[in-house]
Amino acid sequence: MAETVLVTGGSGYIAGWCIVELLRRGYTVRTTLRSLSKEAAVRAAIAGEVDPGGRLSFFAAELTSADGWDAAVAGCDYVLHVASPLGTGVVKDPDVLIVPAREGTIHVLRAAIRAGVKRTVLTSSVAAAGGIGTEEVRDETHWTDLTRRGVHAYREAKTIAERAAWELVAAEGDGMELATVLPSMVIGPVLTAENLGSVQVVSRLLSGKLPGTARIGFTLTDVRDVADLHIRAMTMPQAAGERFIAATGFRWMAEIARILRERLGPRAAKVPRRGIPDWVVRLMSLFDPALRYVTPSLGHSNTYSSAKAQELLGWKPRPVEDSIADCAESLIAKGAG
Ligand code: NAP
């Protein structure tokens, strides 16, 4: 009989691709939604990639409540705990991110342990593996230092949640294994144009909403490769008890714009060509609070190493250029480009 996997937060970008990839590989998949009113839309988005047949079912559960998780996980062999609020920009109340990240991790892991799940894979983030503004190469031995001033609430939430997971499994795991996947900024094709999360940089460049490119950059990785790494971390014996960074390559915003122009030709006509000097971005941030999130990154690159996933699990991420182009193609196809 096919093994069964619970993927939390089926309406999400990464979770959606995890579901697609699990279905393609023959697994039976359960997923949770805060409200089952989204079921038809999520099912349709998944069906655009793979016919789920009778192998996909939905359960209602909210990260901040213990209700619903036991029913969702009953009979599952594995859990991919992906759901957590994605937070960029200005966050007025850090608890909006921290509470669901931490509480959700605890509720899901406890339910998984009670159900006798073999292994849970938690989607953490490179945000839990060190700060910005450092040129040092970050790997799985790094943790974000929460005692430093000005740590963004999202970094705090992801670090607290991942630490809570390791502590909980060490203390009360009852034999359930844990592995964590730490993606950098995830791009690649979208399943829907509903929630553009981390692909916004591509959609904004394409739609001409940005007047130019600021001197900021992103370490990118492809959503299909992130899904593949979750499944490797779920099944490969050597992945148990390990963290794995999923990061493919750093590109400046101006490079992303150039790749879009090269790969999309006339369809990238609105992609800006000029750069915006740092002092202009800083000046604009006095009036636009959203830009205050960006200014500390001006001129800084971050390097994360995925050597561990590649060497230990045989993970082979595709070139970043393909992820950028495929992301743009899917946004255009879904009317969001
Ligand atoms: P996303 O598309 O925004 O998906 C987030 C999912 O979490 C959605 O299904 C959302 O449900 C669910 N969720 C949020 N708050 C919830 C709550 N209180 N109760 C129940 N469900 C809740 O984001 P994503 O990019 O797929 O991110 C998924 C995971 O990957 C997160 O853990 C994120 O930290 C991590 N990650 C993402 C990136 C990236 O660049 N995208 C990079 C590193 C790590 P609704 O649809 O109902 O809102």
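Me: Which helices and strands each supply at least two residues of the lining of the largest cavity?

Reply: This is a predicted model, in which local features need pLDDT of at least 70 and side-chain atom pairs count only at pLDDT 80 or more, while totals for chains, interfaces and linings use all residues. Residues are numbered from 1 along each chain as its sequence is written, and side-chain values use heavy atoms, with hydrogens and water left out. A cavity is a set of points, on a 1 Å grid over the protein atoms alone, where a 1.4 Å probe fits but cannot get out, and lining residues have an atom within 4 Å of a point. Here α4 (95–114), β5 (119–123) and α5 (153–172) each supply at least two lining residues, helices being DSSP runs of H or I with at least four residues and strands runs of E with at least two.

Me: How much space lies in the largest cavity, and which residues line it?

Reply: A volume is the space filled by probe spheres set on the grid points, which are joined across faces, edges and corners. The largest cavity holds about 30 Å³, and its lining includes H81, T105, L122 and K158.

Me: Is R155 buried or exposed?

Reply: Buried means under 20% relative accessible area, exposed over 50%, and partly exposed in between, with a 1.4 Å probe and protein chains only. R155, in helix α5, is buried, and a polar atom of its side chain lies 2.6 Å from the backbone oxygen of G130.

Me: What is the phi of D174?

Reply: Most residues other than glycine have a negative phi. D174, in the loop between α5 and β7 (177–183), has a positive phi of about 50°.

Technical notes:
On a 1 Å grid over the protein atoms alone, a cavity is a set of points where a 1.4 Å probe fits but cannot get out, and a pocket is an open set with protein on both sides within 12 Å along at least five of seven lines; lining residues have an atom within 4 Å of a point. Lys and Arg count as positive and Asp and Glu as negative; His and the chain ends are not counted. A salt bridge is a side-chain nitrogen of Lys or Arg within 4 Å of a carboxyl oxygen of Asp or Glu. A polar contact is a pair of N or O atoms within 3.5 Å; within protein, one must be able to donate a hydrogen and the other to accept it, and residues adjacent in sequence count only if both atoms are side-chain atoms.
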